[in-house]
Amino acid sequence: MRIRGLDFLRGIAIIGVLCRHSEMQNVITRVGGFGVDLFFVLSGFLVASLLFTEYQKTGSTNIGRFLIRRGFKIIPVFYVCLGLTILIDTFYFNRTPTILNILTEAFFLQSYGVPMRFHTWSLSVEEHFYMILAFLVFLAVKFKWLNYTKSVIVFLGAVITLIFTMRLIFCLHHIENPVNFFATHLRADGLFTGVLLSYLWHFKASVIERWKRRRLILYLLAIVFIIPIFVFPSDSFFILTFGYNLMHFGFAILIILFADKNQEPFVIKHPYLKHISISICFLGINSYSIYLWHLLVKDLLFSETQSVAFGTTIFFTAAITFGVLSSFLIEKQFIKIRDRYFRRIV
């Protein structure tokens, strides 16, 4: 069953990304790109929860089934998008992609190579994360490590710290030209922050419940952790290093608040905000396809002769429409096939 609060956060994330890639110039468009990091923390939390739930209910995890199910959701619509992008770039824009471009996209190496569309680097990071997480959980189940809560928490904290340290070192040496800032080993700490939260959620539920009872404090902490991205430039040394981790912790706190089915946030349950929240949740449900297609749609429709307001309206409308159609016609159809032949164990 879907959790409306998390769909709402996905919706906010995709709106932020669309704003970031629009032609508007304001504080929302400046910080909108951090919607990708909200996606990362959400993805780490939800994907790890699938594995942890299966382990707690069955005592084991079927890693192969897990990876196949992720593949059915991610890969078909991505390859359709890739194929159409190649055709449009070749025959409409007259900029035939190189074999290296195509192979980089096809094998999800965008975070280290040269992607055909800039935004697909995040898909690469996610795919690498799925493989790493599957391997780590396989080992943890095989050697019965998951029940050693302190050790697992320390390990995940160490992974997050290691990624932060590598990014810090990278920024110290390349702050003037951070060409590979989107490499997986520099950006996966958001995903592992989500994994850490998921582990606490499933194996330290009493701790999470105590936190939930202090909702006002949690909201204040989330604001404190997230507000630096509104204050400092997005490419400042502070944001590129410590700022990302503070933001990830802030997003993790929001997940605690928004994933609580028993006490949904004000913006979700208030009757006067009902239609707005439903619309945002709808965008969240279809956010993957919208994210996948939005830059190709912009390239096709945006013209420098348009006014910013008109161009942004066309971009938002077309990106959402095309993304939702893709979600229903491709993504959800393959999910039906997946659920027919590769059902979840729990």
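Predicted model: local features only at pLDDT ≥ 70, side-chain atom pairs only at ≥ 80, totals over all residues.
Contact means heavy atoms within 4.5 Å. Residues are numbered from 1 along each chain as its sequence is written, and side-chain values use heavy atoms, with hydrogens and water left out.

Thr104 lies in helix 5 (residues 99–106); helices are DSSP runs of H or I, at least four residues long, numbered from the N terminus. Beyond residues up to four places away in sequence, Thr104 touches Leu109, Gln110, Gly113, Val114 and Pro115. Its relative accessible area is 5%, so Thr104 is buried (under 20%; exposed is over 50%, partly exposed in between, with a 1.4 Å probe and protein chains only). The Thr104 side chain reaches the backbone oxygen of Leu100 at 2.7 Å.

Helix 9 (residues 189–203) has 15 residues. From first C-alpha to last, helix 9 reaches 20 Å, close to the 21 Å expected at 1.5 Å a residue. That expected span is 1.5 Å times one less than the number of residues.

Two cavities of 30 Å³ or more are present. A cavity is a set of points, on a 1 Å grid over the protein atoms alone, where a 1.4 Å probe fits but cannot get out; lining residues have an atom within 4 Å of a point. Grid points are joined across faces, edges and corners, and a volume is the space filled by probe spheres set on the points. The largest cavity has a volume of about 90 Å³. Its lining includes Glu105, Met116, Arg117, His119 and Thr120. Helix 4 (63–91) and helix 16 (287–301) each supply at least two lining residues. The largest share, four residues, comes from helix 4. Cys81 is also part of the lining. Cys81 counts as buried because its relative accessibility is 6%.

The structure holds zero disulfides (pairs of cysteine sulfur atoms within 2.5 Å). Cys19 is in none; the nearest cysteine sulfur, that of Cys281, is 17 Å away. At 8% relative accessibility, Cys19 is buried.

Most residues other than glycine have a negative phi. Asn94, not a glycine, has a positive phi of about 55°. Asn94 sits in the loop between helix 4 and helix 5. Its relative accessibility is 66%, so Asn94 counts as exposed. Lys144 also has a positive phi, near 55°. The loop between helix 6 (121–142) and helix 7 (149–174) holds Lys144, which is exposed at 58% relative accessible area.

Definitions and conventions
Polar contact = N/O pair within 3.5 Å; in protein donor to acceptor, adjacent residues only side chain to side chain. 1 Å grid on protein atoms, 1.4 Å probe; cavity = no way out; pocket = protein on both sides within 12 Å on 5 of 7 lines; lining within 4 Å.
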